[in-house]
Amino acid sequence: NDDEEDEVGDFEPVTGGRQSTAYTTRVTTDPLAAKSDKEVFEHYCHQFKVHPMASVGNLLCTTPGLHIATELAIDRISTNEPLIRSVAMVIRMNASTMRTVRLRGCNLTDTSLRWILSELLNCRQLQVLDVSDNIMVTAASLRPATSITEVLPNFVDFNVSGTSIQSNNQSLSNIHRLTSQRQLSRMQSVHKPPESSLPLGGVIATPTQSRGGQSQEGSSFFTTVMAADATDASSKPQTSARH
């Protein structure tokens, strides 16, 4: 990597009896780690010979060395492949905390989406990827998308509506089947009472809420997620990186 430098550090000799042994180690460092997300974005835009769009860069974190973004959202902004590749480098810097990536209506292509997917493979906390309304995204992107679905244990939502991927595509169906299973497992985990409260016979009662004297079943996980997404979408600026 052109942006990584190898440093060799000599450790103090370890002395034991009559013999002395010298140890050396090779440490790989990234000089960009001390820069802000915005500076990382601008650095790679320069490297990939593309103008850093202010509508993207200005809303990235400007604190040097702070790479803890949990969400990256770019909505309805016309981008190109080098610019998205620069965005992918920002995702790389925040891989340990990134949970949601939304790139809606951004003129994504299969190539630019692959840059994003390659970095998302290292985002162990990733839950949501939304690439809706990108008509140039085709089924060719599903192979790397399948990989992140299989590798990332928390990934539960892959939105490709408004792309050229057919809803009956077998690979897409497999992705949705796996993410649906995870959603169901999470819902069951949310509603499962502690063991000490299980009734005789091991039957699990559905959690209830009381409203105006009437008992109701607990709110569905799916409803909660959809409501949260709706609220989030209505209050979100065009581009954001949430920390």
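Modeller: We shall discuss salt bridges and then aromatic pairs in this predicted model.

Biologist: How many salt bridges does the rule give?

Modeller: Side chains of opposite charge can pair when their charged atoms come close. Here the count comes to 6 salt bridges. In one of them, Arg102 pairs with Glu71, with 3.9 Å between the closest N and O atoms. Arg102 belongs to strand β6 and Glu71 to strand β5, so this pair ties together parts 31 residues apart in sequence.

Biologist: Are Arg102 and Glu71 buried or exposed?

Modeller: Both Arg102 and Glu71 are buried.

Biologist: Which parts of the chain does the pair of Asp133 and Arg76 link?

Modeller: Asp133 and Arg76 form a salt bridge whose closest N and O atoms are 2.9 Å apart. Asp133 sits in the loop between β7 and α5, while Arg76 sits in the loop between β5 and α3, 57 residues apart. Asp133 is partly exposed, at 38% relative accessible area.

Biologist: Where do Arg92 and Glu119 lie?

Modeller: Their side chains, those of Arg92 and Glu119, meet at 2.9 Å, N to O. Arg92 is in helix α3 and Glu119 in helix α4, so the bridge ties together parts 27 residues apart in sequence. Arg92 is partly exposed at 35%, whereas Glu119 is buried at 5%.

Biologist: What of the aromatic pairs, and why is the pair of Phe155 and Phe158 called tilted?

Modeller: The whole structure holds 2 aromatic pairs. The ring planes of Phe155 and Phe158 stand at 50 degrees, with centres 6.3 Å apart, so the pair is tilted. Phe155 is buried at 0% relative accessible area, and Phe158 is buried at 5%.

How values were computed: Residues are numbered from 1 along each chain as its sequence is written. This is a predicted model: local features need pLDDT of at least 70, side-chain atom pairs count only at pLDDT 80 or more; totals for chains, interfaces and linings use all residues. Side-chain values use heavy atoms; hydrogens and water are left out. Rings of Phe, Tyr and Trp (its six-membered ring) pair if their centres lie within 6.5 Å; planes under 30 degrees apart count as stacked, over 60 as edge-to-face and the rest as tilted. Buried means under 20% relative accessible area, exposed over 50%, partly exposed in between (1.4 Å probe, protein chains only). A salt bridge is a side-chain nitrogen of Lys or Arg within 4 Å of a carboxyl oxygen of Asp or Glu. Helices (H or I, at least four residues) and strands (E, at least two) are DSSP runs, numbered from the N terminus.
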